[in-house]
Amino acid sequence: MGIYTELYPVSNEFRHAESLDGLWRFRFDPEGEGEKRGWADKGLPEALSMPVPSSFADLFTDAAKRDYCGDFWYEAEFYLKEVDESRRRFLRFGSVTHTCRVFVNGKECASHVGGFLPVVAEITGAVVPGRNVLVVKVNNELSETNIPCGTTVRRSDGTKRAMGYFDFFNYSGIQRSVYLMELPREAIYDYELSYRLDGKDAYVDYAVMADGDADVKITFKDAEGNVAASASGRSGTLFIPCAHLWKVRSAYLYDVVIELVREGKTVDRYQAKAGVRTVEISGENILINGEKTYLKGFSKHEDADIVGRGFSYPVLKRDFECLKWMGANCFRTSHYPYSDEWYRMADEEGFLVIDEVPAVGMMRSIANFLAAGRGEAKGFFADCPDTALLSKNHASALSEMIARDKNHPSVIAWSVFNEAETTSEEAERYFAPLFARARELDPQKRPVTGVLESSSSPKRCRVNKMMDFICLNRYYGWYICGGELKEAENLFRSEMDAWQALDLKKPFVFTEFGTDTLDSLHKLPGVMWSQEYQQEYMLMHFDVFDSYPMIQGELVWNFADFQTGQGIMRVNGNKKGLFTRQRQPKAAAYTMRDRWLRQK
Ligand code: BDP
């Protein structure tokens, strides 16, 4: 078999996927002694029980466990009726944060760096009939050579503490679903689709990656189950006359069925949904299916009470219902790729997604977001301890994200970083190959972008030339001129005038703007932190956005309040949500909703 990529698990007559979610055994390993003591082979002594998927932090009642940093271990068991030599078996973890090693019956089957993309382990040679023991060793330390960036310090009692250079809690653990998968020896392991429209018709260029030399058959079926187009061969073009397009907030999905056929008999099948649509940047406009599209929505987090960053279907569903209620059409997966299910639902609901790698914190500062918001960011790449290693990990995350998400119609762009330092020669050198890599890997050649904070000003930024559209995070009226909206607006406009004067002929999208707001605080006239201030701040932004034709999108920071580390700047988390952490609207949600429902 070729390299097994990131295909979402499916079950049918040829392949089987079984969820291993549930209560696993768990234990912290502050001394880093687990391996010496044989936990990988023998399993965990005196373990706690731990739900998978979930972050572990908010399940406990004591601070030491919540803030735990270092190695920790999980154990689960699964049973196999038989071990059939004609089948291959894999484990697929939606993510394990941040690094892990996977052992089955004591045999190491995979290791992975990066906490927000799937970990796939082939376990064919390690499994036995009957009971199998699965052990996962995880580590959640932060460093400047992996993303997201941060550092790990030792406290006087010897415990470690992760200090993120970013503004979200360092949630960790097995935070997404785990599947046991069984595949035929000859299996489909990847596919790619890209689209061209010709009047009412569509061409679908495809490639299928599979082991062996069996014939490949690919079929597009419409929503009624009728064949819309089919073709044979590992690559080629499908023609769909009078194609139903996947449109923004009006998604049409075809079923794509890929089969491996040997001597007239199907030996493997993979099925998924596909949406026919194009994405293009034309001058200052973003075009979906050739139509100018203004992005309305949020930059988000995967974050909720109790589960932390753990995947939860109810949270997913509630968030989409709130997004629809708002009249939004887009979100950015700040600051890391989300669980697969997010993109699957965005495909169904017709939402546009800017998909972001976990490259956040590439600026050294204790309160990074504060320095960033004020444009006081310090250098990073010039004295990063090992830029080559950082770049390797960054490039792997980018490749894995594109491999996983390339076939989602909802994904319209790749974001290579959030608020990195972009003003030095070193930064320019660091980012150029990453942008090139994203462009090379995406079969659909979607736009590639990055997200700029205030120091990345029109004069100083050296990376915006690599971006197909420019994403700006700006906090005029919060970090800059907080409480003085008139002065904030003047400064904001002078910056936008400077960008306009550069005449980049590219669209601009605001990927962050917002104010911390307590749902309990009302004050007229508005003061910072009050609901009224959040509304006034938004109204000021509408005026500015509507004055510059190159502004083609507004994604509020944030969709909902979310957990961060502790500090004097945060009242039990970041409160810039238009929704509370429990997903109830603040007053400004109505202000925003009113605008978005009126806009086309
Ligand atoms: C930006 C960051 C984001 C922060 C936000 C804020 O991109 O992660 O949460 O500012 O300060 O710097 O609220």
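Biologist: How many helices and strands does the protein have?

Modeller: Helices (H or I, at least four residues) and strands (E, at least two) are DSSP runs, numbered from the N terminus. This is a predicted model, where local features need pLDDT of at least 70, side-chain atom pairs count only at pLDDT 80 or more, and totals for chains, interfaces and linings use all residues. Residues are numbered from 1 along each chain as its sequence is written, and side-chain values use heavy atoms, with hydrogens and water left out. The count is 10 helices and 32 strands.

Biologist: What radius of gyration does the protein have?

Modeller: The radius is taken over C-alpha atoms, and the globule rule is 2.2 Å times the number of residues to the power 0.38. For 600 residues, a compact globule would come out near 25 Å. The protein agrees with that, at 24 Å.

Biologist: What share of the 600 residues counts as buried?

Modeller: Buried means under 20% relative accessible area, exposed over 50%, and partly exposed in between, with a 1.4 Å probe and protein chains only. By that cut-off the buried share is 60%.  Asparagine 418 is an example, because its relative accessibility is 2%. For the protein, the share is 60%.

Biologist: Which strand holds asparagine 418, and which residues does asparagine 418 touch?

Modeller: Asparagine 418 lies in strand 26, residues 411-418. A contact means heavy atoms within 4.5 Å. Leaving out residues up to four places away in sequence, asparagine 418 touches Arg332, His335, Glu356, Ala359, Val360, Gly361, Val451, Asn473 and Glu512.

Biologist: Which residue in strand 21 stands opposite serine 282?

Modeller: Strand 20 pairs with strand 21 (residues 285-288) in the antiparallel sense, over 4 bridges. The residue opposite serine 282 is asparagine 285.

Biologist: Which residue takes a positive phi in the hairpin of strand 18 and strand 19?

Modeller: Strand 18 (residues 254-262) and strand 19 (residues 265-274) run antiparallel and are joined by 9 bridges. Isoleucine 258 stands opposite tyrosine 270 in strand 19. The hairpin has 2 residues between the strands, and the positive phi, near 45 degrees, belongs to glutamate 263.

Conventions
Pairing = 2+ DSSP bridges.
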